[in-house]
Amino acid sequence: MPQFDKSYWEDHWIPKVSAPDRAMPVNPYLAYETEQLIPGTALDAGCGTGAEAVWLAQQGWQVTGADISATALQTAATRAAAAGGANRIEWFQTDVARWEPHRRWDLVTSHYAHPDTGQLPFYQRLGSWVAQYGSLLLVGHHHGTHHENDHPEAATVTLEAMTALFPAPYWSVDASYENTRTIERPHGAGQLHDVVVRVRRLQH
């Protein structure tokens, strides 16, 4: 099983950012799940090469993008500059699973981020950074679905386990579902089995 540490993520991103025409697309759940939200401050935790952070900035959010990989963040900053949204984004190279930002955001989001501390503790940590009446959007790999691109068990979650992290009356679960979608890869099309949860903080 891989150790999702800094070395792992550097090794993950170096070949991706060096390959031509391999710009990572924006996660499709982001637009769908945030279309009713009023832009404010947003954190993309485990932002990778910045697709979601740049998209949020283009929608009017003031964005913080945080990732453990310097290689990914360099690409993210270049992408933001090319898109004209660099003035709305600040980048932090940090281990988000151990980061202490000492602030909260109106929207905290994370897409397939895998820390070495485990998925559920990581999601709880992200929840603690959501401002009053703010939203948390999580997209993860579904646990227990076997397919050609299986992910390590430690990098997968169930819908039930995720939603159980955010009980009433502290949270409102505004969206929770599983979905399978087809994506294009260099070696051909593949499928992703996703778990999507969006919750809103009602009280601390």
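Colleague: How many bridges join strand 1 to strand 4, and do these strands run parallel or antiparallel?

Modeller: Some conventions come first. This is a predicted model, in which local features need pLDDT of at least 70 and side-chain atom pairs count only at pLDDT 80 or more, while totals for chains, interfaces and linings use all residues. Residues are numbered from 1 along each chain as its sequence is written, and side-chain values use heavy atoms, with hydrogens and water left out. Helices (H or I, at least four residues) and strands (E, at least two) are DSSP runs, numbered from the N terminus. Two strands pair if DSSP finds at least two bridges between them. Here strand 1 (residues 41-45) and strand 4 run parallel and are joined by three bridges. Within strand 4, L107 is the bridge partner of A42.

Colleague: Which sense of pairing do strand 4 and strand 5 show, and over how many bridges?

Modeller: Strand 5 (residues 130-142) pairs with strand 4 in the parallel sense, over six bridges. In strand 5, L137 is the bridge partner of T109. The chain passes from strand 4 through helix 5 (residues 119-127) to strand 5 in a right-handed β-α-β crossover. Right-handed means that, with the strands pointing away from the viewer, the path from the first strand over the helix to the second runs clockwise.

Colleague: Is strand 4 mostly covered or mostly uncovered?

Modeller: A residue is called buried under 20% relative accessible area, exposed over 50%, and partly exposed in between (1.4 Å probe, protein chains only). In strand 4 (residues 105-111), six of the seven residues are buried. For the chain, 48% of its 204 residues are buried.

Colleague: What is the phi of H102, and where does this residue lie?

Modeller: H102 has a positive phi of about 60°, although it is not a glycine. Its place is the loop between strand 3 (89-93) and strand 4. H102 is exposed, with a relative accessible area of 72%. Y133, also not a glycine, has a positive phi near 65°. Y133 belongs to strand 5 and is exposed, at a relative accessible area of 56%.

Colleague: Which peptide bond is cis, with omega near 0°?

Modeller: The bond from A168 to P169 is cis. P169 sits in the loop between helix 6 (159-164) and strand 7 (171-185).

Colleague: How many helices and strands does the chain have?

Modeller: The chain has six helices and eight strands.
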